[in-house]
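Have a look at the model, try each task, and then follow the worked solution.

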Amino acid sequence: MAEFDYRGGMLHAEDVSLADIAAAVGTPFYCYSSAALTRRFAAFTDAFGGQDAMVCYSVKANSNLAVIRTLAGLGSGADVVSEGELRRALAAGIPPEKIVFSGVGKTRDELAYAIAQGIYRINVESEPELDAIGYLAGGRTVEIGIRVNPDVDAKTHEKISTGRAENKFGIDIGRAREIFAKARAIPGIRPVSVAVHIGSQLTDLAPMRTAFTNVADLVRELRADDNTIDSIDLGGGLGIRYDGENPPSAEAYANMVLEATGNLGCRLIFEPGRSLVGNSGILVTRVIYEKFGLSHRFVIVDAAMNDLIRPALYEAYHRIVPVAQPEPGVESSPADIVGPICETGDTFARGRDLPPLAQDGLLAFMSAGAYGAVMSSTYNTRLLIPEVLVNGDSFAIVRRRPSYDELLKLDSLADWQQSV
Ligand code: LLP
């Protein structure tokens, strides 16, 4: 993670000291690096150089407008899963003709909005959704993809595995030909694409290879049935290094894709999320107290599970480092890093070796750019935390910390309570 590194004993994001950002915006905060986003987007697109490949950044991983805008400026499209994400992608400057809409439960209102915006593709995941689009098309021709469920085990955490028959996603691949025939018969629908996504944080190419090979076989069958298939959407899923993982490089992934899908003469659509933003962001937090229990050293920080829920939800590992680099020779000892929330699950890490930490000392949670801020909540009536984007020696607050007044104003009393 070259963009987040020590300089003169202090952790920096590019050319900006994180201690300076902390002094300016307070803690905790998320910090993203423009250079890291740019480097990772380029690595992904370069790997598919010479191919008709369309990269639609999966906005769910990090939907900050400034992050989307950075990727939009590099030519990225967007993969969205809700009207809210679609509005964000458009607001960040992604043209509708580069937007794909995925998701198992798009409402009729969301579909109507997407159709009115003229987005590139809607990836359909059920027969009733097909009927809804047919009903809403209103004289237009809506080009769609059918997302298939290939029944492949992606070998990742079960909560983020999406391609097995028991998962809610897609339409059973064995029924795809029948569904394409049905879709073609609906006026206003043109099925032109096959979509697949088997899971996230995939570090083994083999399950993806199996799924993509099955999709390529299906495309040949669909063409034999007289369907016009102009593209395949291979989803996201490429894993990143949080700790000891050895995820495939963009080139290795691209080679596998090209081998598995052969010469279909199709556009390839990708929906990477984590691999673009995961290691392009960190979370910076401050030590509130350190305390020594009977058997444990606890480091209590001002970030909590509501700010970064991945450790509590998926037992996810995030590397945790002090922002001030310890002096050589300083002894570390194991500590549990915990937040202030009233649940034992509010534990970021157990038994991590850390040097003695000053009260008010800063810690950085690495690899927090994906599924960090987007999954945060106001549990325990904690304010959503700011997001900062660094670019060279500049930084900007790209989401400000709201006030308690703003948070409380979202609630109101029932009219019969007003006089109390
Ligand atoms: N396309 C579709 C249809 C998806 O469902 C997803 C992720 C992506 C693309 C992007 O996948 P990526 O490249 O980021 O792996 N909150 C979890 C991850 C949930 C992923 C959901 N779908 C976590 O923190 O690990």
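E143 is partly exposed, because its relative accessibility is 26%, and partly exposed means between the limits for buried (under 20% relative accessible area) and exposed (over 50%), with a 1.4 Å probe and protein chains only. This is a predicted model, in which local features need pLDDT of at least 70 and side-chain atom pairs count only at pLDDT 80 or more, while totals for chains, interfaces and linings use all residues. Residues are numbered from 1 along each chain as its sequence is written, and side-chain values use heavy atoms, with hydrogens and water left out.

**Exercise 1. Find the salt bridge between E143 and R121, and say which strands hold the two residues.**

Step 1: Apply the criterion, a side-chain nitrogen of Lys or Arg within 4 Å of a carboxyl oxygen of Asp or Glu. The closest N and O atoms of E143 and R121 are 3.0 Å apart.

Step 2: Locate the partners. E143 belongs to strand β9 (residues 142–149) and R121 to strand β8 (residues 121–124), 22 residues apart; strands are DSSP runs (E, at least two residues), and helices are too (H or I, at least four), numbered from the N terminus.

Step 3: Check accessibility. R121 counts as buried, at 1%.

**Exercise 2. Examine the salt bridge of E143 with R190.**

Step 1: The closest N and O atoms lie 3.1 Å apart.

Step 2: R190 sits in strand β11 (residues 189–195) and E143 in β9, so this pair ties together parts 47 residues apart in sequence.

Step 3: R190 is partly exposed, with 37% relative accessibility.

**Exercise 3. Describe the largest pocket.**

Step 1: Its volume is about 630 Å³. On a 1 Å grid over the protein atoms alone, a pocket is an open set of points where a 1.4 Å probe fits, with protein on both sides within 12 Å along at least five of seven lines; lining residues have an atom within 4 Å of a point. The volume is the space filled by probe spheres set on the points, which are joined across faces, edges and corners.

Step 2: Of its 33 lining residues, K60, T162, F169, H197 and Y371 are closest to the centre.

Step 3: Helices α10 (274–277) and α11 (310–314) each supply at least two lining residues.
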